[in-house]
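Please look over the sequence and the structure shown below before reading on. The report then takes up the chains, their interfaces and a few local features in turn.

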Amino acid sequence: MLLKLTWLIPLYPLIGSIINGFFGLKLGKRLVGLIAAGSVALSFITTLLVFLGFLLLPEDQHVFEQVLFTWMSAGDFNVDFGFQIDPLSLTMMSFVTGVGFLIHVYSIGYMHEEYSFYRFFAYLNLFMFAMLLLVMGNNFLIMFIGWEGVGCCSYFLIGYYFEKKSACDAGTKAFIVNRVGDFAFLLAVMYIFNIFGTIDYTEVFHAAPEKLIYGGEAVTIITLLLFIGATGKSAQIPLYTWLPDAMEGPTPVSALIHAATMVTAGVFMVVRSSALFNLAPGTMMVVAFIGAGTAIFAATIGMTQYDIKRVLAYSTCSQIGYMFLACGVGAYTAAIFHMVTHAFFKACLFLGSGSVIHGVHGEQDMRKMGGLKKYMPVTYGTFLISTLAIAGIPPLSGFFSKDEVLYHSLTDGNIILWGMGISAALLTGFYMFRLVFMTFHGESRVDPHVHPHESPKIMTMPLVILAGLAVGGGLLGIPLIHGWHILHNWLEPVLHFDLASALQHSEHMLHEAGKHAPSWDHLLLPKEHNVGLELFLMLFSVIIAVTGISAAYIFYVRKPELPGRLTEGQWGYEIVKNKYMVDELYDETIVKPTIEGSKFLWKSADAQGIDGAVNGVAKTIGWFSEKARVFQSGFVRNYALFIVIGFIGLMIIAF
Amino acid sequence: MELLIFYPIAILCVALALGVVLNTSPINSAICLIGMMLGLAGIFAMQQAHFIAILQIIIYAGAIMVLFMFVIMLLNLKGDDVEWKSRDRNKLLTGLTAVLVLGGLYKIVDAILATDYKDQPKVADSFGTAAEVGESLFTDFVLPFEVASVLLLAAMVGAVVLAKTKLD
Amino acid sequence: MAPLSHYLILSAILFSIGVLGVLVRRNAIVVFMSVEIMLNAVNISLIAFDRNMNLHDGQIFSFMVMCVAAAEVSVGLAIIISLFRNKPTVNLDEFNILKW
């Protein structure tokens with residue numbers, strides 16, 4: 001019964017967005033903020049109620065579908081507009097609405113001086129609506145609506161300060177790079193429809209083992225295309241270039257969209273399609289390597305940046321790389337676990353950085369900050385807790401989730417992946433604490449006439465709540481003891497995959513096609529849970545994290561001149577600082593040829609070719625008319641002559 | 001024997017027709033035309049169409065040509081302009097026209113000579129007399145007769161309307 | 001009796017002379033007279049065929065042709081007179097505004 005309230009969850013933010021968008025200017029700032037935050041709060045409460053209703057379901061029912069109406073019905077193609085409530089979507093909904101609510105509250109304080117206060121909240125609510133559609137949909141097309149919607153709202157919100165050209169460019173860049181991924185996603189959905197005849201989740205995932213051959217080309221292509229879509233949305237290599245520039249938007253936007261929700265949509269999609277990904281070992285390897293690669297790559301760039309928000313942006317890229325690494329080795333629970341904990345501490349970090357920027361009146365360069373901890377104690381405290389979490393220090397949440405990812409990358413993957421993961425952990429500890437030390441410790445390098453101050457309560461309260469969640473979130477996934485992993489047991493019905501029967505189906509299909517099935521026995525070996533290895537790995541990662549932290553301490557607190565000396569004149573450092581010149585590379589190879597091609601099409605093909613053809617037809621007719629004009633001389637005798645000529649011609653033809 | 005009469009009259013007609021076309025002065029053309037009409041009346045008479053021959057003289061040579069004379073006198077037309085032969089473009093066009101028409105003529109004559117004609121039947125004595133024609137006209141063809149009279153009435157009214165001076 | 005073909009050839013020659021006259025002359029009156037020549041040529045042909053088939057239809061037709069010619073000449077000459085009132089010439093080449 002409570003489950004029937006599902007459709008209200010995305011509706012509240014949508015109504016809030018519409019009211020704020022149309023009437024916001026008249027309603028005044030207090031009311032706008034109240035409506036916006038209130039609608040998300042209502043969504044959160046409804047989510048909890050739906051959660052309760054789901055828990056009350058009988059034992060064997062693991063999924064609840066609510067179909068609102070049939071959206072499209074064209075021949076064989078039938079799509080419903082419906083919502084699917086199962087453990088995975090409930091997890092996503094809870095933290096999207098919860099963290100979203102906290103960020104809304106924070107924004108009321110942060111955006112207080114803006115004139116277009118209402119526009120911000122209208123877009124933010126619209127974003128919540130799209131994100132909820134994405135996670136709650138019951139087929140790929142609803143997910144795609146949400147997918148596109150969040151991309152669109154991201155464009156709106158990044159370009160919120162539209163008077164600045166850099167902000168507009170950043171918004172456009174985000175949208176276009178996302179689009180490339182969306183194109184791949186759409187191709188994948190079309191291919192799915194081609195094979196399965198439907199795009200509903202339940203039907204596709206049940207039929208997947210029977211229709212797709214394990215490791216066959218169909219499933220590899222589908223999953224690769226889906227993954228490319230995910231790289232676009234979740235800022236992995238090669239489509240990550242939009243995320244650092246997206247920091248042009250206001251800080252709450254970075255917190256909500258680019259830390260907690262939108263960039264995790266790609267991971268969510270991969271986990272949701274786990275049934276498909278499990279059948280494509282080739283793609284899984286690609287996913288894992290790209291995830292691990294991005295983790296290291298982004299971490300190296302993050303070490304050299306001076307803008308506080310950019311460091312956090314590269315940190316986001318890096319952490320999502322961890323999530324994809326987990327997906328790639330089959331540890332979907334670990335990916336979701338890391339996603340949830342990352343949402344908590346990354347949102348706290350972004351909001352904290354927003355508080356810092358607010359406190360130093362708009363300065364974002366870390367070289368002009370320092371020693372702020374005595375001015376902003378609350379911000380410093382929450383920031384420190386979140387940074388410890390991201391570095392992986394026990395008993396904070398980040399330690400548990402990151403450790404689970406690394407353990408699975410070693411046991412289910414291979415040692416190269418683990419090596420990449422652990423190096424990224426080392427770098428993470430280093431650059432995050434570099435951030436903390438440069439900003440809060442040491443002598444103050446702040447501009448003399450800027451007086452730093454603590455932010456108001458409305459901004460610091462969400463920080464405190466999020467920091468608390470960052471501390472306690474680890475309880476979701478207690479390792480070592482098999483039955484105590486709450487998240488794993490919770491997500492088990494969704495992620496459950498019968499590999500043996502899938503392999504049997506594949507063998508059957510290959511035999512029917514007359515081909516020989518390769519030997520898959522090595523895949524069916526049971527995996528034991530090696531407690532000793534896990535303990536060793538936990539210890540090792542803590543040592544690594546502490547090493548990174550101490551390195552940062554030496555470099556930035558004890559001997560602040562050391563970094564400058566070591567990196568002076570190093571060409572490697574210059575390349576990394578310039579983000580490996582990837583943006584310039586894309587510009588030269590993709591953007592410039594496209595622009596040149598468009599110019600060519602415009603000038604030659606359109607103006608000369610098509611216009612010329614159309615004008616040319618008119619000109620030809622004109623030319624003919626000029627030649628024919630001679631016949632109308634006005635002389636009556638000529639007219640009579642033509643009559644006679646015609647008559648004689650007729651006679652010749654007829655006789 | 002009849003050919004002896006036919007050829008002179010025919011040649012006369014053709015010569016006079018050429019005279020109409022080739023003469024510079026319109027009065028001379030008109031006189032030639034009158035002569036041609038009289039010649040044609042002779043031809044009609046040879047075909048035993050006496051009534052038509054008389055009508056030809058009365059209507060054509062008598063009324064229509066007099067009308068022409070009146071107009072020529074009224075408009076005080078002098079001889080035709082001497083630039084008739086001067087413009088080159090006209091010469092070319094004239095030559096072209098002559099070739100065209102003569103070509104057509106040749107073809108027609110060819111067709112005429114190529115057909116087989118039946119022998120001429122014997123006709124009654126009263127073949128083309130006024131009585132015969134009149135009887136045919138008022139019984140079989142009375143409708144065209146009446147329509148012709150309406151036509152003449154229309155022509156009369158039209159001519160008067162067109163030619164009168166505007167009374168302002 | 002002269003054979004039919006002679007009369008027909010005479011008719012053809014006269015007709016083509018009339019056509020030439022219409023096309024070549026520039027004086028409106030003379031053009032009109034050439035039209036009369038053409039009509040007369042047709043009359044010859046009608047009468048000749050008529051005699052050959054022992055009918056009266058051709059003569060009646062010829063009668064109608066003469067009737068029509070009379071009407072046409074009267075109206076046509078009235079037109080020429082109106083033209084002459086506008087422009088004091090009957091040179092056809094001078095009436096050349098019937099174009100675009």
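What follows describes a predicted model, beginning with the folds of two chains and ending with single residues.

## Chain B: helices and domains

Chain B is built from 6 helices and has 0 strands, so that, read from the N terminus, its elements follow the order α-α-α-α-α-α. The radius of gyration of chain B is 21 Å, which is well over the 15 Å that the globule rule gives for 168 residues, and chain B is therefore more spread out than a compact globule.

The domain assignment divides chain B into domain 1 (1-78), domain 2 (88-117) and domain 3 (120-168). Taken over C-alpha atoms, the centres of domain 1 of chain B and domain 2 of chain B are separated by 23 Å.

## Chain C: three helices

In chain C there are 3 helices and 0 strands, and the elements run α-α-α from the N terminus on. For this chain of 100 residues the globule rule gives 13 Å, whereas the radius of gyration of chain C is 17 Å, well over that value, so chain C is more spread out than a compact globule. The C-alpha trace of chain C spans about 50 × 25 × 25 Å along its principal axes.

## The interface of chain B and chain C

The size of an interface is often given as the accessible area lost when the parts come together. By that description, chain B and chain C bury about 6800 Å² between them, with 74% of this area on carbon and sulfur atoms. Within the area that chain B buries against chain C, B:Gln47, B:Phe68 and B:Gln120 supply 10%, which is more than any other three residues give. In terms of contacts, 79 residues of chain B meet 68 residues of chain C.

How many salt bridges and how many polar contacts link chain B and chain C? The count of salt bridges between chain B and chain C is 0, while the rule finds 10 residue pairs in polar contact across this interface, both residues of each pair being at pLDDT 80 or more. The side of chain B that touches chain C draws at least two residues from each of helix 1 (2-22), helix 2 (26-46), helix 3 (50-75), helix 4 (88-114), helix 5 (130-139) and helix 6 (142-163) of chain B. Helix 3 of chain B gives the most to this side, with 13 residues. Sorted by class, the side of chain B that touches chain C holds 58 nonpolar, 13 polar and 8 charged residues.

## The interface of chain A and chain B

The contact between chain A and chain B takes 7 residues from chain A and 6 residues from chain B. About 640 Å² is buried between chain A and chain B, and carbon and sulfur atoms give 69% of that area.

The residues on the side of chain A that touches chain B divide into 5 nonpolar, 1 polar and 1 charged.

## A salt bridge within chain A

Over all chains, the structure holds 9 salt bridges. One of them is formed by A:Glu148 with A:Arg179, whose closest N and O atoms are 2.8 Å apart. Because A:Glu148 lies in helix 5 (residues 140-158) of chain A and A:Arg179 in helix 6 (residues 165-196) of chain A, the pair ties together parts that are 31 residues apart in sequence.

## Backbone features in loops

Most residues other than glycine have a negative phi, and most peptide bonds are trans. Against that background, a cis peptide bond joins A:Ile237 and A:Pro238, with omega of about 0°, and A:Pro238 is placed in the loop between helix 8 (217-234) and helix 9 (242-245) of chain A.

Where do the residues B:Gln48 and C:Asn54 lie? B:Gln48, which is a residue other than glycine with a positive phi near 60°, is found in the loop between helix 2 and helix 3 of chain B. C:Asn54, also a residue other than glycine, has a positive phi near 60° and lies in the loop between helix 2 (28-53) and helix 3 (57-86) of chain C.

Definitions and conventions
Residues numbered from 1 in each chain as written. Chains lettered and ligands numbered in written order. Predicted model: local features only at pLDDT ≥ 70, side-chain atom pairs only at ≥ 80, totals over all residues. Heavy atoms only, no water. Domains from an automatic or database assignment. Contact = heavy atoms within 4.5 Å. Buried area = accessible area lost by both parts, 1.4 Å probe. Nonpolar A, V, L, I, M, F, W, Y, C, P; charged D, E, K, R; others polar. Helix = DSSP H or I, 4+ residues; strand = E, 2+ residues; numbered from the N terminus. Rg over C-alpha atoms; globule rule 2.2 N^0.38 Å. Salt bridge = Lys/Arg side-chain N within 4 Å of Asp/Glu carboxyl O. Polar contact = N/O pair within 3.5 Å; in protein donor to acceptor, adjacent residues only side chain to side chain.
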